[in-house]
Amino acid sequence: MQAENSSTGRGEPPSGNSMQALKKFTSAGRGYWHDVSEKDWNDWRWQLKHRITTVEQLQKFLPTLTPEELAGAKLANTKLALAITPYFFNLIDPADEHCPIRQQVIPRIEESHTAPWEMSDPVGEDSHSPVPGLVHRYPDRVLFLVTDRCAAYCRYCTRSRLVSNATGYDFHPEFDKQIAYIAAHPEIRDVLLSGGDPLLLSDDKLENLLSRLRAIPHVEFLRIGSRIPTFLPQRITPELCAMLKKFHPLFMSIHSNHPRELTTEVRDAMGRLADAGIPLGNQSVLLKHVNDDTDVMKAHVQKLLMCRVKPYYIYQCDLISGSAHLRVSVRKGLEIMEKLRGHTTGYAVPQYVIDAPGGGGKVPINPEYVLSHNADRVVIRNFEGKIFEYPEAADGTPLSKPPRNIEEPELV
Ligand code: SF4
């Protein structure tokens, strides 16, 4: 049970930044919705219907709204819509202006400031779309944008041009053309359903879509990218999981940025998906005041494993218009990666990437572990900074001298 906050009358969100506090699983609680029946609260459609979508609701539920947030909220529906599920809203700490949950979903006036290098389509998806809503950037796979709606809206969304002012279509209007394109291209062996959020489709519609894709012989592998498990874990019903397991191999990439998002509700939802045989990966975006901290990121990746989710990617925040206030330096990202690799379980270490501006695709960004490399040897350092030499013998040529331990790298 959460404690009541006497000043707001709502339940307290989980708080604290010690590693122990960050890794603790707690429920999001009921907060303002303590009178709602258990049945309604756990009904994903009830959650969607009762989302916070207006300035007035925001002022009522979050009396500590700052002037920057209020101004941002007033502009939100002209740019990227405001919507937050009651469940996710309960994770916000009203006393903390920099609350990591708050930063992700409460609009700010800074969103209206566009830096010269920012874009509405920062990773060039539109220029790689042979059919509207289908992105064919890589040789053997496509990104299938099946809907333009989300359960809640992330303030740094790369696809805000698509999900802003969503028309609320269930399937993309070009749905038949999208399926026809995939069917006509035998090189496509992997289809990633995204959007918007594919899990907003009803079970029947999603089943219809997955059946159409599975009927295409060259489609080997299906993936769903979804933020629903963290915005709306109530959507991960046993019925949904039973339906999804008919379409294996089917993987799911969830989206979570901070350990506080990993509640008991999310852990249980992930358990249902994992029990249905769905391999789970997580994608995070590196964000200021959210996860630009080594301890926070380490707690997050370790907690993901406890939810049976493999940390998959950390994205450098795309150059989306109005996102400068959330962006963190690549230097900081590398520093975090340096403190993860070797310092925690290998399975917990995601790949840090920059989605190259303009459509270059994902580029892995790693701290430097290879210090020098020539025909005879490679000089490497480990996570503790110790330096080692490994004999290079890829072509089978004997080494002219045996490898030795060295103190300092020799430049070649
Ligand atoms: S859930 Fe995904 S598509 Fe929707 S707003 Fe967030 S990042 Fe964008």
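Which residues of helix H9 (residues 175-184) are buried? They are Phe-175, Gln-178, Ile-179, Tyr-181 and Ile-182. Viewed down the axis of H9, these buried residues fall within an arc of 155°, so they line one face of the helix. On the other side of H9, three residues are exposed: Asp-176, Lys-177 and Ala-184.

What covers the buried residues of H9? The cover includes three strands: E1, E2 (141-145) and E3 (190-194). Helix H10 (203-214) is also part of that cover.

## The chain as a whole

This is a predicted model. The protein chain holds 15 helices and twelve strands. It has 412 residues, and buried residues make up 54% of them.

Contacts can also be viewed by distance along the sequence. Take the contacts in the protein chain with a separation of 6 or more: residues 24 or more positions apart account for 74% of these.

## The nine-stranded sheet

Nine strands form an open sheet. Their order is E1-E2-E3-E4-E5-E6-E7-E8-E9, and the pairing is mixed. Strand E1 (134-138) and strand E9 (361-364) stand at the edges. Each has a single partner strand, so one side of each is left without a neighbour in the sheet. On average, neighbouring strands here are turned by 25° against each other, direction ignored.

Inside this sheet, strand E5 (residues 250-255) and strand E6 (residues 280-286) run parallel. How many bridges join E5 to E6? There are four bridges. Met-252 has its bridge partner in E6, namely Leu-280.

## Helices on the sheet

Helix H14 (residues 294-306) packs on the sheet. H14 touches E5, E6 and strand E7 (310-316). The direction of H14 makes about 145° with that of E7.

Helix H15 (residues 330-340) lies across E6, E7 and strand E8 (351-356). H15 runs at about 155° to E8. Its buried residues are Gly-333, Ile-336, Met-337 and Leu-340. They cover an arc of only 100° around the axis, which puts them on the same side of H15. What do the buried residues of H15 pack against? They pack against E6, E7 and E8, and also against helix H14. Just after H15 comes Gly-342, with a positive phi of about 85°.

## The three-stranded sheet

Strands E10, E11 and E12 form an open sheet in the order E10-E11-E12, with antiparallel pairing. E10 and E12 are the edge strands, and each pairs on one side only. From one strand to the next, the twist averages 20°. Is strand E11 (residues 377-381) largely enclosed or left open? Four of its five residues are buried, so E11 is largely enclosed by the rest of the structure.

Two hairpins link these strands. A hairpin of three residues joins E10 to E11. Strand E10 (residues 370-373) pairs with E11 over three bridges in the antiparallel sense. Ser-372 stands opposite Val-379 in E11. E11 and strand E12 (residues 387-391) are also antiparallel, over five bridges. Val-378 has Tyr-390 of E12 as its bridge partner. Five residues lie between E11 and E12 in their hairpin. In that turn, Gly-385 has a positive phi of about 90°.

## A buried glutamine

Gln-47 is found in helix H3 (residues 44-49). Is Gln-47 buried or exposed? Its relative accessible area is 0%, and buried means under 20%, so Gln-47 is buried.

Which backbone oxygen does the side chain of Gln-47 reach? The side chain of Gln-47 reaches the backbone oxygen of Trp-41 at 3.1 Å. Leave aside neighbours within four places in sequence, and Gln-47 is in contact with Trp-41, Thr-85, Pro-86, Tyr-87, Leu-232 and Gln-234.

How values were computed. Residues numbered from 1 in each chain as written. Predicted model: local features only at pLDDT ≥ 70, side-chain atom pairs only at ≥ 80, totals over all residues. Heavy atoms only, no water. Pairing = 2+ DSSP bridges. Axes fitted to C-alpha atoms, helices over the stretch in contact; angles between N-to-C directions. Contact = heavy atoms within 4.5 Å. Buried < 20%, exposed > 50% of the residue type's maximum accessible area, 1.4 Å probe, protein only. Arc of directions from axis to C-beta. Polar contact = N/O pair within 3.5 Å; in protein donor to acceptor, adjacent residues only side chain to side chain.
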